[in-house]
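Hi everyone, thanks for making time.

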Amino acid sequence: MRTSRFTIAVYLAPAILVMAAACLYPVLKAFELSGYKWDMGTAASSAKCVGFDNFIAAFSNPQVWSSLSTTLLFAAVCVSAEMVLGIALALALERQVRGMAVFRTIFILPMMIAPIAVGLAWRYMFDAQFGLINALLGVVGIAPKTWLADPTLAFVAIVIADIWQWTPFVFIMMLAALAGVDRSVLEASRIDGARMWHEIFLVKLPMVMHVIAITLVMRLIDAFRVLEVVYVLTFGGPGNSTEILALHVYKTAFIGQQIGVAAAVSILLLVVVAVLSWAALRLSNPMKDSA
Amino acid sequence: MSGLELRGVVKRFGDVVVVKQLNLKVAEGEFLVLLGESGCGKSTTLRMIAGLEEVTEGRVFIGGRDVTDTHPMDRDIAMVFQNYALYPHMDVAKNMSFSLRISGVAPAVVAERVAAAAKILNIEHILARKPKDLSGGQRQRVAIGRAIVREPKVFLFDEPLSNLDAKLRSHMRAELAVLHQRLGKTTIYVTHDQVEAMTLATRIVVFDKGQIQQVGTPAEVFNNPANTFVAGFIGTPSMNMFEVVAQVRNGELRLVGDGIDWAAPQWLGAVGVKDAQPLTLGLRPQSLSAGEALVNRFTLRADVVEYLGTESQVVGVTQTKDERRISVIVPGDARAMHRQHVSFCFDPSALHVFDKGSGASLRPTINDTLTYTNKEMTP
C-alpha cells in the first residue's frame, strides 16, 4: 500500500513545527538582528535598519578573524584528541569483564558535570601557586608554570579541560556502536586471519563509521559553541589568546553593547559550523548503508 | 591428510556441561553433519573446532596436527556462518579476498582465486556489489566464496541455509552437494534440519544434551536408530512409539500392551529379552499399510488426512484406553478415510524395539554401533 503525500505531511508536521520553532526561529531572529543597530535597554522599535553595516563592521574587525582562527585551532585540537582517546578507550573497555560496568560509569562522570563547575575546578587546578597541576609537576621536578597567564599555556589549559569533559561523550557513543557490531562478523574476520589491528582498523571501525561521523559532527558543533569553561577559566585571556568566537560574540553583545554586530558574528559562526558539519557528513555519509 | 579428530572434548560454561566427552574421527573428504535440536551442543562443537570457543577438556586435531590451542586463522579452516557474517562495508570481491589480502598474498593471485571462486559459485556479475544489495541466496554464495578462496583443509558450516526460504534452501542444498563433490574437502556441517542432514551427509552425528546419540550414514540412522531419541528425531513424520511388555506365550514371544498383542520380530528372541520385560516399540509411519493383510494390526480413527499429492498423511488415535496419537503415510489420495475407523497392518520386522529404561535399541547390530560410538568414531 502506498502512503499518500497528505498522510506523510500530517505525520511529519508536528516534528517540523517543533523544529521550526526551536531551531529555525532563533536563527532567523539572529539574521534579523544582524541588520539593525539596536542599543540594549531601549525599545526594539527604536532599532535602526543598517543593512549590511554590522557584517562590514564585524568582518573588518581583525579580532573576529583572530577569534575564528583560535576557535578553529581549539576545535581541531580538542575534537581530534577526544575522538582518538574516546575511540581508543571504547575499544579497550568494550569487553564484558567483571567490574567493567562500574569503571565505565566512573569514566563518564565528567560529562555530567555542569561546564561552569568544570571551569572552576580546572581554574583551581591550574592555579600557579596552589594548583594541583603545578604540585604534581613539582613532584617530578618541573618548575611551576603560570598556566593561565601564559598565552600558549592558557590555550593548552582550555584544551585539556575540554578534552577531560568531552572525551567520555565519544567514549559512550563508541561503546554503544561497538556493542552493536555483529559478533559473527568479528569471528569471521578472526577465521580469515585478522589480528587485533586488522580487526580494529579493517573491520570494527569501518562498521561503526556512521556513528563516528555523527559523533564527530556533534563534537565539532559543541566545540565551536563552547563558552562557559573558557569564560570561567581565562575569559579569553591573557590578551585575546583564548578568545574563541562564542566568547567574542558574548563580549561584543554584552560588554560592547553591539547586539547587531554580535548577531553578524554569530551568523559567521553558524556558517562555519554548518560547512564543517556538511563536509564531515559528506565524507562519511551515515545514512548511505541504511537503505 | 586433512581429516579431523576430537579426543575427549568437553565444554563447560560455568557449571553447565554443554558438550560431554566427545570422541569423533572425520575422514579426509568426508561430509559430516552434526544434527540435533537447538541447544544440544552441535554449534558449540563446531565453534570449538573453529577455535572460536575454548575447549575445556580434550584435544582437537586437524590434519593430524593438535590445534586445540591454535588461533582460528592457523587451523587451516574456513567457516560459513548462519547469518553469512559478511563485511558490510566491503564489496563482494573484497569480502571474498579479505583473508588473502591481509595475509599478504600477491594481488594477481588474489584476483585469480576470487575469479575462480566466483565462477564456481556463479557470482561473477555481483563482485562489485555490497552485501546490502544482495539477496539471501547471493549472500550465502558470497559467504561460501569467501571460504573457498582460502583453500582450507576443512570447511565448517553453521546452519548456513536456515535463513533462506524453502525453495532457495532446497536449491542451495543441491549446490552445496555439487560443490562438495567438486572440491572434495572435509566438511563439517551443523544443522537442525534432518532433510539437509539426510541429503548432504556421508555420515550423520546425532546430538542430544551435549552427547553423541548415534553416528552413521543417513541410511543407518534412519533404518537402525540407536535409541528412542534418534528414532523420534529422524524421519518425518516422527516414528510412532508404543509401550509394551514382552510375553512368552506357547513358546512364542509376543509384544503386549494397551490394546496391543503383536508378534515380535524374529531377531528379538535372540537378544535375551525376558518374559514381562518392559519395552518401547517404534514404528515408522511409512511401514504401515491399510488393511489386514499382514500379521500385526490395529485400528485407527482417522481425525486428520493431509493429502500431499503422491501420498497422504493420516493422523488419528488408536481405539485403546490411552487413545494414542499415530501418524501413517499411505500412498495416493486417502481423504476418503477421514473420520473413518481404519485398520492398518505391518510386518513384525518393521518394528524397532528399545529397552524401556535406557531407551537403547535392542537390535544387535545397533548395540555394537552404539558402544563403538561412545568410545571412538571412525569412518
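This is a predicted model: local features need pLDDT of at least 70, side-chain atom pairs count only at pLDDT 80 or more; totals for chains, interfaces and linings use all residues.

**Where the chains meet**

Let's start with the contact between the two chains: chain B puts in 18 residues and chain A puts in 16. Contact here means that the C-beta atoms of two residues, placed from the backbone, lie within 7 Å. On the chain B side, strand 6 (77-80) and helix 2 (92-102) are the elements that give two or more residues.

Some housekeeping before I go on. Residues are numbered from 1 along each chain as its sequence is written, and chains are lettered from A and ligands numbered from 1 in the order in which they are written.

Chain B is divided into domain 1 (4-227) and domain 2 (232-362), with bounds that come from an automatic or database domain assignment. The centres of domain 1 and domain 2 of chain B, taken over C-alpha atoms, are 38 Å apart. Where they touch, seven residues come from domain 1 of chain B and eight from domain 2 of chain B. The domain 1 side of that contact has five nonpolar, two polar and no charged residues.

Now look at helix 3 (residues 107-121) and helix 4 (residues 136-149) of chain B, which pack at about 135 degrees with their axes 9 Å apart. The axes are lines fitted to C-alpha atoms, for helices over the stretch in contact, and angles run from 0 to 180 degrees between N-to-C directions. So helix 3 of chain B is oblique to helix 4 of chain B. The naming goes like this: under 35 degrees is roughly parallel, over 145 roughly antiparallel, 65 to 115 roughly perpendicular, and the rest oblique. Among the residues making this contact are Val114(B) and Ala117(B) from helix 3, and Ile144(B) and Gly145(B) from helix 4. By class, the contact of these helices has eight nonpolar, one polar and two charged residues.

**Two sheets in chain B**

One open sheet has five strands in the order 13-12-11-14-20 of chain B, paired antiparallel; two strands pair if DSSP finds at least two bridges between them. Which strands stand at the edges? Strand 13 (260-263) and strand 20 (352-355) of chain B do, each with a single partner strand, so one side of each has no neighbour in the sheet. From one strand to the next, the twist averages 40 degrees.

Inside that sheet, six bridges join strand 11 (residues 240-249) to strand 14 (residues 278-283) of chain B, and Val245(B) has Pro278(B) as its bridge partner. Strand 12 (residues 252-257) of chain B is joined to strand 13 by four bridges, with Arg254(B) opposite Ala263(B). Strands 12 and 13 of chain B form a hairpin with two residues between them, and Gly259(B) in the turn has a positive phi of about 75 degrees.

The other open sheet runs 15-19-16-17-18 in chain B, again with antiparallel pairing. Its edges are strand 15 (289-290) and strand 18 (325-331) of chain B. Seven bridges join strand 16 (residues 296-307) to strand 17 (residues 311-318) of chain B, where Leu300(B) stands opposite Thr318(B).

In chain A, helix 8 (residues 151-179) and helix 11 (residues 209-225) pack at about 160 degrees, axes 10 Å apart. That's why helix 8 and helix 11 of chain A count as roughly antiparallel.

Last stop, the loops. Gly237(A) and Pro238(A) are joined by a cis peptide bond, omega about -5 degrees, and Pro238(A) sits in the loop between helix 12 (228-233) and helix 13 (245-255) of chain A. Phe235(A), in the loop between helix 12 and helix 13 of chain A, has a positive phi of about 50 degrees although it is not a glycine. In chain B, a cis peptide bond joins Thr236(B) and Pro237(B).

Note on methods:
Ala, Val, Leu, Ile, Met, Phe, Trp, Tyr, Cys and Pro count as nonpolar, Asp, Glu, Lys and Arg as charged, and the others, Gly among them, as polar.
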